[in-house]
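Please examine the sequence and the coordinates together.

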Amino acid sequence: MSRYVLPNLPYAYDALKPYISEEQLKIHLQKHHQAYVNGANAILEKLEKARREGTDLDMRATLKELSFNISGHFLHSMFWNNLAPPGKGGGNPSGKIAEVINNEFGSFERFKKEFNQAAVSVEGSGWAVLVFEKEVKKPMIMQVEKHNMNVYPGWKLLVLDVFEHAYYIDYKNERARFVEAFWNIVNWEEVNNRLEEVLR
Ligand code: MN
């Protein structure tokens, strides 16, 4: 029976210092992300059991919980991979993603400003996300409220978790400081890889 598993980080727990501390990163991955993995697996088991026994489930509640946990797992997995230790990450984007951002937003600074505003203002367990919308061939900034997206479109390029559990140990209630720090550890190489996949 195949199950969801917590991914390994592509860097050490203390590698994102001083922007994300070891303690903050550990608790986020090992407690919060793990909870989504466990939650998704529990629903899979519940579905399998109901099918085996021929019983009914409250599909509305079950599927809502399933999408919440799976989307949480997907988003967190993307998040870890679009971060990189300072030095390797951060700075200005280059390559195709730089071109795409400049064409749409006019400059990286303008894009950053809009993305920050999205990240600071999204409600609750929210995310700021840079996507590429293939139909109009444009990068767009989206706010994801909660994790209930139900779908996992392949066009997400860059995600930022701004639920309090992502930053509270390091930044307390100052989400804007965390959002600003994020730019020092963005893995633009990974963002470029994702964009390449979308454009393929
Ligand atoms: Mn999170």
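## Basis of the model

The model is predicted: local features require pLDDT of at least 70 and side-chain atom pairs count only at pLDDT 80 or more, whereas totals for chains, interfaces and linings use all residues. Residues are numbered from 1 along each chain as its sequence is written, and side-chain values use heavy atoms, with hydrogens and water left out.

## Overall fold

The protein chain contains seven helices and three strands, where helices (H or I, at least four residues) and strands (E, at least two) are DSSP runs numbered from the N terminus. Their order along the sequence is α-α-α-α-β-β-β-α-α-α. The C-alpha atoms occupy a box of roughly 60 × 40 × 30 Å along the principal axes. The radius of gyration, taken over C-alpha atoms, is compared with a globule rule of 2.2 Å times the number of residues to the power 0.38. For 200 residues a compact globule would have a value near 16 Å, and the 18 Å of the protein chain agrees with this.

Of the 200 residues, 46% count as buried; buried means under 20% relative accessible area, exposed over 50%, and partly exposed in between, with a 1.4 Å probe and protein chains only. Among contacts (heavy atoms within 4.5 Å) between residues at least 6 apart in sequence, 72% join residues at least 24 apart.

## Helix H1

Helix H1 covers residues 22-53, 32 residues in total. Just after H1, Gly-54 adopts a positive phi of about 70 degrees.

## Manganese site

The protein donors of the manganese ion are His-28 (NE2), His-76 (NE2), Asp-161 (OD) and His-165 (NE2), at 1.9 to 2.2 Å from the ion. Donors are N, O and S atoms within 2.8 Å of the metal (3.2 Å for Na, K and Ca); water is not among the atoms, so sites may look incomplete. The donor residues follow the spacing H-x47-H-x84-D-x3-H.

His-28 in helix H1 and His-165 in the loop between strand E3 (156-161) and helix H5 (168-171) are 137 residues apart. His-28 is buried, at 2% relative accessible area, and His-165 also counts as buried, at 11%.

## Ala-176

Ala-176 lies in helix H6 (residues 175-182) and counts as partly exposed, at 46% relative accessibility. The C-alpha atoms of Ala-176 and Ser-121 are separated by 9.5 Å, although these residues are 55 apart along the chain.

Technical notes
The expected span of a helix is 1.5 Å times one less than its number of residues.
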